[in-house]
Amino acid sequence: MTYSTTTPLDRSKPPKPGLPSKVTFPKYFEGRCDNGFRYFVVENHTLPIVTIGFVAKEGALFDGDLPGLGSVTSELLTKGTKNRTATQIAEEIDFVGGSLSTNVSWDASQAFVSVLKHHLATGFNILQDIILNPVFPESEIARVKAQRLASIQQLKAEPGYLADVRFLSSVFGGHPYGQPSSGTEKSIAKMTRRDFVKFHKTHCTPGSSFLVFAGDIDPREAEKYVSRRFARWRGKMYAPSAIRAASKKEKGKICIVDKPGAVQSALRVGHIGIARNSRDFLKAFVMNTLLGGYFSSRINMNLREVHGYTYGGKSTFDARMLPGVFEVATDVRNDVTSETVNEILIELNKIRDTLPSKDEMTMVKNYLAGLFPIQLETPQQVAGRVIVIELYNLPKNYYRNYRDDIMKVTARDIQAVAKKYIHPDRLSIVLSGSSKEIAGKLKKFGEVAVLDPEGNKISEL
Amino acid sequence: MPSGNHGTAQTRNTGFTGNIKVNVDFNQFRLENGLAVILRRDNSVPVVGIDICYHVGSKNEKKGKTGFAHLFEHLMFEGSEHVTKGEFDRYISLAGGYNNAYTTEDVTNYYDVLPSNQLSLALWLESDRMLKFSVTNESLSTQREVVKEEKRWRVDNRPYGDAPEKMQALIFPVGQYHWPVIGSMEDLDSASMEDVRGFYERYYRPNNAVLVVSGDLEMERTERLIRKYFSDIPPGKMPIPDLNFEDKQLSKETVEELRGLVPSPAVFVAYKVPPEGSDEYYALIQVAKVLSDGNSSRLYKRLLYDTQAVSDFDVAIEGMEKSGVYMFSAFAAPGRTEKEVLKMFDTEVARLQDSLVSEYEFEKGRNATISSYIGRLSTNSGVADALAHYHTFFEDPGLINSEVERELSVTRQEMREVVQKFLRNDRRVVLFYHPDVKE
C-alpha cells in the first residue's frame, strides 16, 4: 500500500461521495390460506433471531364510546388463553429469553413475538394461542383495569400528556381521534368482559389480519407453522366499518391546562392533517420534514439553534386511515412562550407563502433518500414497512419506488401541499404550564381559556 | 510509510457454548498521534456507522464547573475550522445520514450513520472538529440556553425528575460522581470561553479518543482514509490529568423524605456496587434478571401481579468506570404507601440473600443473556457503540464477543454472595416522595 502525506491535506472542501450503492427494497414472500388468511416472510439469516408479527387491520378507531377499549383488549390477550394462564405465558416466553408484546394503534391491533431461532416453535405457539384462544379472565381484567387507572393518574402529572389530551380533543372534537387511545378513567372503569370479547371477535378475523415472519426463517418453514394453526381459523370476513373523517375547520381557542409552578410549558399547535393513503402523502411528508421533521428543519433551527428557546421543536403529520393530526410540538421556558408561538406562526405562513430554496430541497430529499436504507438494516424494520403497505393498501412497489419518488418532489409541490394541508387560520393552540406566568402574553393570539387537568374551565381571558 | 505502524491486530474470538455461534470480527490499530482505530466489516446493507468516543465525562469536571463535558458536546456541533456554524448537521443530512451524541459521567460519544459511499464525508467532519478549537461566543451563549432548557425539560418540569441527581449526590457524597452530568444552572451560566477552550485542549485530543467504523467498508481503503484525515492531528500538549478518583464508602443507610408536585407516593433506592467489568458486576446483572426481567420475574409477580401494590417499577444497574449503582424505583398504586412497597422489595432482597435462586430461574436468566447478546448485534451503530465502549473502558473491544461468556460463567452461589455483600441497607440511599396535599 502506498500513499504520501507530504502534501498537506486540503480540508477546505468536503470530499465527494463515492458511487452510491444500489438500494433495493428486499424481496419478500407472500402466502395465502384458503380461508383468506395471509402471511409474509422477510427472510434474512444474518442473526439467528425470528420475529413474528400478527396484525389485525382495525385498531383504536373502533373504540366507540369506550376510549381505550382496543388498547385494553390487546393487553389482555397475553393474560390468559384456553391453554395457558397469564403466569404460564410469562414463564414460557421468559424462559426462552424471548419477548412478547401487544399493542394497538389507531389503525391496527398487533402482537409480536421475538425468539432465537431454536425457540421458534415456542414463540409461535404462544403467539397463535393468544390470538386464537384468549379467554379474558375476570381476575386479569380487574388487574389490568386497576393498573390502567393508576398509570393514568401518573400520566396526569406529565405536562406533555396533559397537553396532548387537550390538544387532540380540541382538534378532533367528538371524533374517535379526539379521545385518548389509552383510555380515560371513566371509560376504563366502565369496560366489562363482554366488551373485550366482542372487540376481539369483531376486529380480529382471518380475512382482516395477517402474519409477518422476519429473520432466520424461510417461506416453507413459515408455511408449515401457518397451516398448522391459522389455515383452519374461521371467522367473519373483513368488512371495514365506515367511520367518517373528522372535518373541523374552525379555529380553536387557546387553551392552557394549568400547572401552577411549572418552569416550562408543553406546547402543541395544529389541526386536522392528511390520510396515509392520500396521493399527496409523500409530498406532504417531504414538506413536513423540511418544516419540522428533522434536526436541520426550519422549526428546530429557528427555535433551538437561532433562539435557544428550547431543547427541540418538531412538526408531524400523523397520517392514519382517516386524516390524522398535523402538529407542532415543543417544550419552552415561561418567559419565551409567546415568542415561540409567534415564531411557529411565522414558519407555518412562510412555508405556504414562499418556495423553499434549492439547497433546502436538495438537503431534505437527500436526507430522506439516504435514511431509507439505514432504516432497512434489520429484517424487523423491513417487516415494519411490509405492514405499512398492507395496512394502507399501498401499491406493492411502493417502497421499491420510494427513493425515486422522493427525489421527484419539487419546490412547487412543497408549496402546493403546504397551501393545501397547513392552515394557520384553523389552528388549535394548547399549552400545559403555569397560567399565571404565560396567559397574559398569549392573549394577543386570541381568546385564552384556562382549564384544569380534566378539561373544566377555571377562567377565561 | 508502511501501514499499521503500531501493529494491525486481527482479533478473533470464537462464539460461546451451544449451537449458536455469532462473532464480531474486527481490526484494530493506533495512529502515531495516539488515536485508537477499530474497523469492522459487514457488507449486508450499504450503511456505515462511525463512532468517536472521547474518554471524558462529567467525572473529569471540577466542583463549580459542572456540566462542562455535556455543554461541550453541544458545542462540538457548532462548527469547526472548515465547517461553519450549523453546517455539521447539514452536511450529514445532505448525505442522507443522521448523527447525534451523548455524554455520561465517563465518556462523550459522537456517532454518525450514513450511506456507505459517504464515509469520507463523516471522516472529514469528525477530523475537522478534532483538529482545532473553533467555538464562538455566540455559540456558547445559545447552547448554554439550549442546555438549560434541556435541564428544565429533563429534571425541573417532570414529576420525580430530580430523583436521579438527588440519589447520585447521596450515594456519592464526595468525589467526581457527586454531581449530575447536566451540571447546575449556576455553573452553566459561569462557563467562560477560557474554560471551554481549556477543556478542549486537554481532552478532545486524538490520544484521548477511539474511532470505530462499522459496516459496509473495505478494510484497506478505510484505513487509508482514516490515516488521510486523522494522522496530521497533533496529540494533546497538555497532559490528561490523573483522575485521583475520590469516593467514600457509605456506613449507614441514608433516607430522605421529599414532598412535591408528584402524583403518587414513590420510592427510589440506590446501592453502591462494584464497577462495570468486575466479576461482581456480572453477577449482579444476573441477579437483576431474576428480580425484574419480564412478567415472570420475582418483583413483577410480587409488586404488580400478586399484590398490585405499585403502578410501575424498575430495576436498573448502571455500570460506570469507577463504581456501579444498583437502582430500584417504584410508584405506589392508589391506596398504597411507599413504605409498604419498600418492605416488599426488601423481602425479595432478603430471599436472595437467604437462598440460592432455583435452577429453573438460573437457566432462564442465562437464556435471556444469550438473547440480548445476539439482539445487540443487529445494527452497525449498535456494534460501533459497543466496540468504542469496550475499548474506552477496558482497552478490550473483544469484550463484544467475550462479555457474554463472563455473564454465563456466573454461578448461583456467586449470585447469592453479591446480594449478601452489596445489596445491604448500609450501602444504600432511599428517597421517599410524597404528593403535596392540595388545600
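In chain A, 80% of the contacts with a separation of 6 or more are between residues 24 or more positions apart, where two residues are in contact if their C-beta atoms, placed from the backbone, lie within 7 Å. Keep in mind that this is a predicted model, so local features need pLDDT of at least 70 and side-chain atom pairs count only at pLDDT 80 or more, while totals for chains, interfaces and linings use all residues. Residues are numbered from 1 along each chain as its sequence is written, and chains are lettered from A, with ligands numbered from 1, in the order in which they are written.

Let's stay with chain A for a moment. Its secondary structure comes to 16 helices and 13 strands; these are DSSP runs numbered from the N terminus, with helices being H or I of at least four residues and strands E of at least two. The radius of gyration of chain A, 25 Å, is close to the 23 Å from the globule rule for 461 residues, so the chain is as compact as a globular protein of that length. Here the radius is taken over C-alpha atoms, and the rule is 2.2 Å times the number of residues to the power 0.38. Along its principal axes, the C-alpha trace of chain A spans about 75 × 65 × 40 Å.

Now for the partner chain. On the interface, 69 residues of chain B are in contact with 66 residues of chain A. Among the elements giving two or more residues to that side of chain B are α2 (87-94), β6 (108-115) and α3 (119-131), but the largest share, 8 residues, comes from α4(B).

The buried ones include B:W124, B:E126, B:D128 and B:R129, and the buried residues of α3(B) pack against β4, α2, β6 and α8 of chain B.

Finally, take a look at B:H55, in the loop between β4 (47-54) and α1 (68-75) of chain B. B:H55 is partly exposed because 19 other C-beta atoms lie within 10 Å. Leaving out residues up to four places away in sequence, B:H55 touches B:V107, B:N208, B:A209 and B:T392. B:H55 and B:Y204 are 149 residues apart in sequence, yet 8.5 Å apart in space, C-alpha to C-alpha.

Notes: A residue is buried if 20 or more other C-beta atoms lie within 10 Å of its own, exposed if 12 or fewer, and partly exposed in between; C-beta atoms are placed from the backbone.
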